[in-house]
Structure formats: C-alpha cells, structure tokens
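User: I would like to learn how to read the features of a structural model, taking one feature at a time. Could we begin with the general idea in each case and then turn to the example?

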Amino acid sequence: MERSLSRAGAASGPESLLERAFIDAVEQVDDLDPTRARVLDAAYEQFCRMGIQRSTMEDVAKRAGVSRITVYRRFATKDVLVEQVVRREFRRYFDQFLLDIQQAESVADRVVLGFVSSLRAIRGNPLIGGLLAVEPDLVAPSMISDGGRTLATVREFVAGQLRHEQHAGNVSKELDTDLVAELMVRISASFLAIPSHIIDIEDDEQLAEVARRYLVPMLEPRPRR
C-alpha cells in the first residue's frame with residue numbers, strides 16, 4: 001500500500017490530492033459520469049472492508065457489477081483508483097466542514113467547532129481514519145512528504161476562512177491569517193498523526209476545551225515589539 005499511496009501522490013503532479021479536493025469543494029464540482037461514480041463507491045466499500053493492499057481491480061469490478069475493462073477505462077491503474085477514492089473522501093471532508101461551521105454564531109465558536117469537527121470527520125472516516133489507526137506509518141508520511149503541499153492546502157483553506165472573518169469585521173485586520181492558520185493546521189495534524197497520552201481525541205468536549213483555551217486566543221493579534 002505504501003507504493004500505492006506514494007505513486008498516487010506522484011501522479012497528482014503539481015497539485016496534491018487535497019489541493020484538488022479543495023478546489024472541487026469550493027467550485028462545487030460534481031462527477032457527472034454515473035458509471036465512474038459507481039466504481040468509486042464500490043472501491044470505497046472494498047477498501048474499507050478488505051483494505052487497499054488486499055483489494056484488486058477485479059474485486060472492485062465485481063462489487064460495482066461491471067466488467068474489469070470498464071474499471072480500467074476510467075482508472076488506468078489501481079494507484080489512480082486509490083488516488084481518486086481518497087480525493088473524493090477529502091472533498092467530502094471539506095464539504096462537511098463548511099456545513100458544520102455554519103452552525104456557529106461567533107468566530108470563536110467557528111474555530112472550536114471547526115477544530116472538533118475536522119478531527120471527528122477524519123478519524124471517523126472508515127477509509128482515511130481506518131488507515132491512520134491501523135497503518136499510521138504508511139499514511140502519515142504520504143501526507144507530509146510532498147514538499148508541504150498537503151498542509152499548505154489545508155492552511156490556505158483555514159486562512160481563507162479567517163480572511164472572511166476579517167472582511168466581516170469579526171477579527172482584527174492586524175491578524176496574520178496565514179500564520180494563525182499554519183499553527184492551527186499543524187496542531188490538528190499532529191493530533192491525527194501522533195497519538196496523545198494527555199488529550200483524548202475521541203472526546204469532543206475535551207477537544208472543544210483545548211480549542212477554546214489555546215486556539216481561540218490566536219485570533220487576538222500580538223503587539224509587535
């Protein structure tokens with residue numbers, strides 16, 4: 001599976017999987033090919049049930065109820081199929097994140113809700129969360145060994161939300177949105193990649209308290225020395 005993940009990253013060219021998933025979410029890009037969507041659904045179910053390494057293109061074809069040739073016409077290799085399944089899951093994450101933060105009434109509440117919901121969404125995803133739990137040594141490197149593009153994509157996503165809050169007058173115009181977003185994203189990523197013996201990431205209330213005490217204060221710009 002390490003080869004599949006690394007090849008998928010290499011196949012993504014100048015854009016990472018998250019970059020394209022983010023663009024899809026923002027631009028509301030939808031898959032209009034029903035057969036392709038059917039194969040992706042089958043691949044997702046197959047990978048969740050049997051794992052990526054033990055699954056073949058033929059397994060996916062059988063689960064989708066199509067021929068193996070049909071699968072290969074839309075996804076040239078298994079690595080490409082894996083890439084597209086993972087990309088779609090990140091797209092769903094971005095979609096859900098945008099929905100979740102709409103429930104909050106203040107910028108502080110949006111930071112807390114965003115932090116908690118993002119960790120919940122990823123750890124609760126049967127495919128991505130399952131891989132992080134079972135084989136973190138394979139998944140984590142694939143997300144951080146791309147020259148920082150993956151983290152940069154999520155940072156830009158969060159920074160964009162913070163700039164929106166600036167334009168709405170909810171946070172100071174002096175706030176360094178890129179720096180704050182960078183810190184928030186790296187904190188979140190560390191909880192996903194490295195188990196904590198102090199903070200239980202399965203406890204939403206504890207995560208919310210961490211966000212209130214340590215992330216929300218980042219919204220106040222520090223005076224320059």
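Analyst: Helices and strands are taken here as DSSP runs, with helices being H or I over at least four residues and strands being E over at least two, numbered from the N terminus. On that basis the secondary structure of the protein comes to twelve helices and zero strands. The model is a predicted one, in which local features need pLDDT of at least 70 and side-chain atom pairs count only at pLDDT 80 or more, while totals for chains, interfaces and linings use all residues. Residues are numbered from 1 along each chain as its sequence is written, and side-chain values use heavy atoms, with hydrogens and water left out.

User: How should I read the length of a helix, and what do the end C-alpha atoms of α6 show?

Analyst: The expected span of a helix is 1.5 Å times one less than its number of residues. Helix α6 covers residues 78–101, and its 24 residues should therefore span 34 Å, which agrees with the 35 Å between its end C-alpha atoms.

User: What is a nonpolar core, and which residues touch the most other members of the largest one?

Analyst: A nonpolar core is a set of buried Ala, Val, Leu, Ile, Met, Phe, Trp, Tyr and Cys residues joined through side-chain atoms within 4.5 Å. The largest such core has 54 residues, of which Phe-47, Leu-81 and Leu-219 touch the most other members. Among the elements that give two or more residues to this core are α3 (34–50), α7 and α12 (204–215), while the largest share, nine residues, comes from α6. Domain bounds come from an automatic or database domain assignment, and because domain 1 (18–85) and domain 2 (104–219) both give residues to this core, it lies between them.

User: Which residues does Val-111 touch?

Analyst: Contact means heavy atoms within 4.5 Å. Val-111, which is found in helix α7, touches Met-184, Leu-215, Val-216 and Leu-219, not counting residues up to four places away in sequence. Across the protein, residues 24 or more positions apart account for 69% of the contacts with a separation of 6 or more.

User: How is a pair of aromatic rings read, and how many pairs are counted?

Analyst: A pair of aromatic rings is described by the distance of the centres and the angle of the planes. Rings of Phe, Tyr and Trp (its six-membered ring) pair if their centres lie within 6.5 Å, with planes under 30 degrees apart counted as stacked, over 60 as edge-to-face and the rest as tilted. By this rule the count comes to one aromatic pair. The rings of Phe-115 and Phe-191 have centres 6.2 Å apart and planes at 65°, so the pair is edge-to-face. Since Phe-115 lies in helix α7 (residues 107–123) and Phe-191 in helix α11 (residues 177–193), the pair ties together parts that are 76 residues apart in sequence. Phe-115 counts as buried at 3% relative accessibility, and Phe-191 counts as buried at 12%.

Notes. Buried < 20%, exposed > 50% of the residue type's maximum accessible area, 1.4 Å probe, protein only.
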